[in-house]
Amino acid sequence: MADQSARDLRLERLRVELDAIDARIVEALADRLRVIGVIAACKETQTDGIRDESREKALLDRLQAQARDLRLAPHFVARLFREIIDYSVQRLQDHFLAR
């Protein structure tokens, strides 16, 4: 019984730790979108397109290398960041359509 209680307590602590990590991820995404808003304002005066495919490729390459260094699956990190990039581009498009 005591062993079970200790395992339950450890599991609960680990879940609390995961919850804190998840909250930091969401906060980082919110920070990223705040910067996207500033970028949108900067791009209003430029004739370049919304999307910078060479920057996106460089970003994904860098993140996949970082993933490998951290023993994460590079494909998973690339897929995750493609979603983040696509959402960011959508926010930029929304900004320009609202003008």
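In these exercises a residue is called buried when its relative accessible area is under 20%, exposed when it is over 50%, and partly exposed in between (1.4 Å probe, protein chains only). The structure is a predicted model, in which local features need pLDDT of at least 70 and side-chain atom pairs count only at pLDDT 80 or more, while totals for chains, interfaces and linings use all residues. Residues are numbered from 1 along each chain as its sequence is written, and side-chain values use heavy atoms, with hydrogens and water left out.

**Exercise 1.** Find which residues of helix 2 are buried, and where they lie around the axis.

*Solution.* Begin with the element itself: helices are DSSP runs (H or I, at least four residues), numbered from the N terminus. Helix 2 has 17 residues and reaches 24 Å from its first C-alpha to its last, close to the 24 Å expected at 1.5 Å a residue, where the expected span is 1.5 Å times one less than the number of residues. Next, list the buried residues of helix 2, which are Glu56, Leu59, Leu60, Leu63, Gln64 and Ala67. They cover an arc of only 130° around the axis, so they sit on the same side of helix 2; the arc is taken from the directions from the helix axis to the C-beta atoms. Then turn to the face away from this buried side, where the exposed residues Ser54, Arg55, Lys57 and Asp69 are found. Finally, ask what covers the buried residues of helix 2: the cover includes helix 1 (2-43) and helix 3.

**Exercise 2.** Decide whether Ser88 and Ile25 are buried, partly exposed or exposed.

*Solution.* Ser88 has its place in helix 3, and because its relative accessible area is 4%, Ser88 is buried. Leaving out residues up to four places away in sequence, Ser88 touches Arg32, Leu33 and Ile36, a contact being heavy atoms within 4.5 Å. Ile25 has its place in helix 1, and its relative accessibility is 46%, so Ile25 counts as partly exposed.

Conventions
Helix = DSSP H or I, 4+ residues; strand = E, 2+ residues; numbered from the N terminus.
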